[in-house]
Amino acid sequence: MICCFTGHRVIVDSLQLIKNKLKETITNMVEFDGFSEFYAGGAIGFDMLAANTVVELRQNNPNIKLTLILPCKDQDRYWNINQKIEYERIKILADSVFYISETYTEGCMLQRNRYMVDNSQKCICYLKEMRGGTAYTVRYAAKKGVPIINLA
């Protein structure tokens, strides 16, 4: 079964607290609910934290898979050098990478978010405010009947 992640770029809570909640939630989903594949959108913030957490947990359980569902090949065009380095590192560590579009197009981010939800049986989010892409994705998941776990 597949679970997707969505969350804000800025994590205002304790990063360690959110990471611990992520680890516990993912571990329980793998051990008790049969989840084995996790979709992350590759954005700065919660997406990267979630992707890194899956990679970390995969060290002890090689059956866990990380798939990056990326909106476009140039998603990182406005990021700083450290963000770009981290992005490239996580792409190398992912089990697979799927691009919605070759280059940025209006709507490719929303297409990515809908694709992840449409192909998932659960959504883990970090949602603090009901605006922006994360809020849209959580509302979309709810509309589609995909169970949501909010770690915020």
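Predicted model: local features only at pLDDT ≥ 70, side-chain atom pairs only at ≥ 80, totals over all residues.
Close-up 1. In general, an α-helix has 3.6 residues a turn, so residues three or four places apart point the same way. The rings of Tyr-136 and Tyr-140 form a stacked aromatic pair, at 6.1 Å centre to centre and with 15 degrees between the planes.

**Close-up 2. Phe-46 and Tyr-126 form a stacked pair between a helix and a strand.** The whole structure holds 7 aromatic pairs. In the pair shown here, the ring centres of Phe-46 and Tyr-126 are 6.0 Å apart and the planes meet at 20 degrees, so the pair counts as stacked. Because Phe-46 belongs to helix α2 (residues 46-58) and Tyr-126 to strand β5 (residues 122-126), the pair ties together parts that are 80 residues apart in sequence. Both residues are buried, and together with Phe-5 and Phe-38 they make up one aromatic cluster.

**Close-up 3. The largest nonpolar core has 30 residues.** The members that touch the most others are Phe-5, Leu-22, Ile-26, Phe-38, Phe-46, Leu-66 and Ile-124. At least two residues of this core come from each of β1 (2-7), α1 (15-33), β2 (37-40), α2, β3 (65-72), α3 (81-93) and β5, and α2 gives the most, with 8 residues. Leaving aside residues up to four places away in sequence, Leu-22 touches Phe-5, Phe-46, Leu-49, Ala-50, Thr-53, Ile-124 and Leu-151.

**Close-up 4. A second, separate core is made of 10 residues.** Among its members are Met-116, Tyr-140, Ala-141 and Val-146. Met-116 is also one of the buried residues of helix α4 (residues 108-118), which are Cys-108, Arg-112, Asn-113, Met-116 and Val-117. The buried residues of α4 pack against β1, β2, α2, β3, β4 (96-101) and α5.

**Close-up 5. Lys-73 lies over the face of Tyr-99.** The distance from Lys-73 to the ring centre of Tyr-99 is 5.4 Å.

**Close-up 6. Cys-123 and Cys-125 are buried cysteines.** Cys-123 has a relative accessibility of 0%, and Cys-125 one of 1%. The count of disulfides comes to 0. For Cys-123, the nearest cysteine sulfur is that of Cys-4, 3.8 Å away, and Cys-123 is in no disulfide. The sulfur of Cys-125 has its closest cysteine sulfur in Cys-123, and at 5.5 Å this is too far for a bond.

**Setting of the close-ups. The protein has 5 helices and 6 strands.** Read along the sequence, these elements follow the pattern β-α-β-α-β-α-β-α-β-α-β. The radius of gyration is 14 Å, close to the 15 Å that the globule rule gives for 152 residues, so the protein is as compact as a globular protein of that length. The C-alpha trace spans about 40 × 35 × 30 Å along its principal axes, and buried residues make up 45% of the 152 residues. Among the contacts with a separation of 6 or more, 80% are between residues 24 or more positions apart.

How values were computed:
Residues numbered from 1 in each chain as written. Heavy atoms only, no water. Phe/Tyr/Trp six-rings, centres within 6.5 Å; stacked < 30°, edge-to-face > 60°. Helix = DSSP H or I, 4+ residues; strand = E, 2+ residues; numbered from the N terminus. Buried < 20%, exposed > 50% of the residue type's maximum accessible area, 1.4 Å probe, protein only. Lys NZ or Arg CZ within 6 Å of the ring centre and 35° of its normal. Core = buried A, V, L, I, M, F, W, Y, C linked by side-chain atoms within 4.5 Å. Contact = heavy atoms within 4.5 Å. Disulfide = S-S within 2.5 Å. Rg over C-alpha atoms; globule rule 2.2 N^0.38 Å.
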